[in-house]
Amino acid sequence: MRNTPRPLALALALGFTFGSGAVMAQAKPGAVNLKETVKIAWIDPLSGLMAPVGNNQLKSFQFFAEKFSASNPAGVKFEVVGLDNKLSPTESLNALKTAMDQGVRYITQGNGSSVAGALIDAVNKHNERNPGKEVVFLNHSAVDPDFTNSKCSYWHFRFDADTSMKMEAMTTFMKDQPDIKKVYLLNQNYSHGHQVAKFAKENLARKRPDIQVVGEDLHPLAQVRDFAPYIAKIKASGADTVITGNWGSDLALLVKAANEGGYTGKFFTYYTGVSGTPTALGQGGAGRVYQIAYSHYNMGGQMGQWMKEFNDKFKDDFYTGSVIHIFGALGEAMAKAKSTDPVKVAAAMEGLKYKSFNGEVEIRKADHQLQQPLYLTVWQKADAKFPYSPENTGMTLAPVRTFADRLCRGPVLASGAA
């Protein structure tokens, strides 16, 4: 893990033990009552084409801040401060500075790995230069595998599954579908899109070498308003399947163009359930559009109750389950550390095991990557068994297959390499 010397020395001085497993939460810590307010700066888009996603996620963070403030083992109150980064790394760094100037010690971001990379670098530099004012980065959705490998940072914790983990699960399902013979890769032209294409090709070559990749395109992030030309290329290629990591307007407009252009192939996606895409799909795509993710709309139980309450309150759908992971981890770690100090909390989160909506999860000590199951779902009509209908479409994402966390753990560099 990079950037550890100063926090490691401080943590050792404070009595934390690394390497012995002592910081792992083997049992639920006793409740404490710190009676403190913990501010979290949310840095993501509230303007531009991706604003619907950002607005939904800010509401999600604020909704669950209230829920977890009412009940967490540390007895803290959570407050979320929303800062619009316009999906820009430069604007994000300005927002980070604003947050730190206000004394905020925890930040969260997830829309765009290009943004996340800039924030990781900035947090590393700030923490190295400002001992006693350290900041922790809680990554809710930025899935570039490098963040927990070659660019691994002590101060970064990821609560989504990374691109490689999701592609491992997705292609494990695809390899058993004999009707998949020709695949087209269409992705956004930044690190996330590049990684989706890379891991798709590698996994298919290993698991189904007979599948042909008949086309590959990268397009500008959040700039394309008409995907008809791309659909024409996909149809001309003879592809029976499209793999895409697109999200937000870039996926909604893509599937809209596919419906209008008469493309009848399959789509394997990461973000079908995200704002705008369900409406764009409408009644189309039933049985042909798949999503791989760490949650889905029909999980039921406590998650189902929360989703209903969120929908009743905001007339919107809750889909960023990593928000729950984050508040759960902070509450457990702060109770364990008996402190809200980022240095102590970061040490307590390393190796932390705790219960969340999709079972027991673990923040892997080696790279701060959350370990959790993944779910493959398919777009179909909502019914009595799978009733939740996003954006009132009458459709839903129904679970097809669950992948245990051990099947999609993602790579870890050798000890000391990160």
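Trainee: Before we look at the sheet, when do two strands pair?
Mentor: Two strands pair if DSSP finds at least two bridges between them. Strands (E, at least two residues) and helices (H or I, at least four) are DSSP runs, numbered from the N terminus.

Trainee: And what am I looking at?
Mentor: This is a predicted model, where local features need pLDDT of at least 70, side-chain atom pairs count only at pLDDT 80 or more, and totals for chains, interfaces and linings use all residues. Residues are numbered from 1 along each chain as its sequence is written, and side-chain values use heavy atoms, leaving out hydrogens and water.

Trainee: How do E10 and E14 run?
Mentor: They run antiparallel, joined by four bridges. Tyr-290 has Val-378 in E14 as its bridge partner.

Trainee: Switching to helices, at what angle do H5 and H6 cross?
Mentor: Roughly 40 degrees, and the axes of H5 (residues 163–174) and H6 (residues 191–207) come within 9 Å. Axes are lines fitted to C-alpha atoms, for helices over the stretch in contact, and angles run from 0 to 180 degrees between N-to-C directions. That makes H5 oblique to H6; under 35 degrees counts as roughly parallel, over 145 as roughly antiparallel, 65 to 115 as roughly perpendicular and the rest as oblique.

Trainee: Which residues of H5 meet H6?
Mentor: Among them are Met-167 and Thr-171, while the H6 side includes Phe-199 and Leu-204. Contact means heavy atoms within 4.5 Å.
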